[in-house]
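This report describes the pocket, the nonpolar cores and the strand pairing of one protein model. The sequence and structure are shown first.

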Amino acid sequence: MTIVKVPQKHYPKAEIIRRGMALGIDILGVWLVSSLLGSNNFGIQFVQICVFILSWLVLRVIVVYNNRGQSLGRWAFDLKVLEVEGERIVGRIPQLQALLKREGIICFNALLTSIALTNIIANPTAILLLLPLGIDCGAALSDTQMRQALHDRYAGTIIVSSRRGYSLDLKVKRLVEKLQRNVRR
């Protein structure tokens, strides 16, 4: 009897730009839902925050857990979240507890971002609320091997490219190229 080492399946790491656009779509969707219950007043509104958190958990935890690791934004850009053990990608969707840890951190950062963007006209110093998201996601820029942000490292997850999705970035590139060709004629 011989022991055969099975090679690890290769998962292409997601590009930072695609990850950012997918996160942006998710933040925008949740912010739109939560802003429907807000008023026109500037400042922080408790009901809006509760709706934001609840919508975030539904979109980024329940949907991801039941949809093979993809939220709406990740589906649009062919990305998915997988579990990591050490330096090895396991290849399965993270457990609910890991998703809750991961998305709790991102939800807090996204909530601060939405508060900043809502109040930036009345209070320009609100831009400082973008710092936690920048620091958290900026860690992925320095991690050249795994491209994990701080929330990914804490929860033991990674974002990889997927074959399942809408390929919004590719469709937009084709549309822009087609428009450029038509303008040149």
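Contact is taken to mean heavy atoms within 4.5 Å. Leaving aside neighbours within four places in sequence, leucine 111 is in contact with Ile49, Phe52 and Ile53. The model is predicted, so local features need pLDDT of at least 70 and side-chain atom pairs count only at pLDDT 80 or more, while totals for chains, interfaces and linings use all residues. Residues are numbered from 1 along each chain as its sequence is written, and side-chain values use heavy atoms, with hydrogens and water left out.

**Nonpolar cores**

A nonpolar core is a set of buried Ala, Val, Leu, Ile, Met, Phe, Trp, Tyr and Cys residues joined through side-chain atoms within 4.5 Å; buried means under 20% relative accessible area, exposed over 50%, and partly exposed in between (1.4 Å probe, protein chains only). The largest such core has 13 residues, of which Leu23, Ile27, Val30, Phe52, Trp56, Ala110 and Leu111 touch the most other members. H1, helix H2 (46–66) and H4 each supply at least two of its residues, and H4 gives the most, with five. Another core, of ten residues, lies apart from it and includes Ala22, Val64, Ala76 and Val81. Helices (H or I, at least four residues) and strands (E, at least two) are DSSP runs, numbered from the N terminus.

**Strand pairing**

Five of the seven residues of strand S1 (residues 79–85) are buried, so S1 is largely enclosed by the rest of the structure. Two strands pair if DSSP finds at least two bridges between them.

S1 and S2 form a hairpin with two residues between them, and glycine 86 in the turn has a positive phi of about 70°.

**The largest pocket**

A pocket is an open set of points on a 1 Å grid over the protein atoms alone, where a 1.4 Å probe fits, with protein on both sides within 12 Å along at least five of seven lines; lining residues have an atom within 4 Å of a point. The largest pocket is lined by 21 residues, with Ile16, Arg19, Gly20, Leu23 and Cys137 nearest its centre. Helix H1 (16–35), helix H4 (96–119) and helix H5 (131–142) each give two or more residues to this lining, and H1 gives the most, with seven. Glycine 20 belongs to helix H1 and is partly exposed, with a relative accessible area of 42%.
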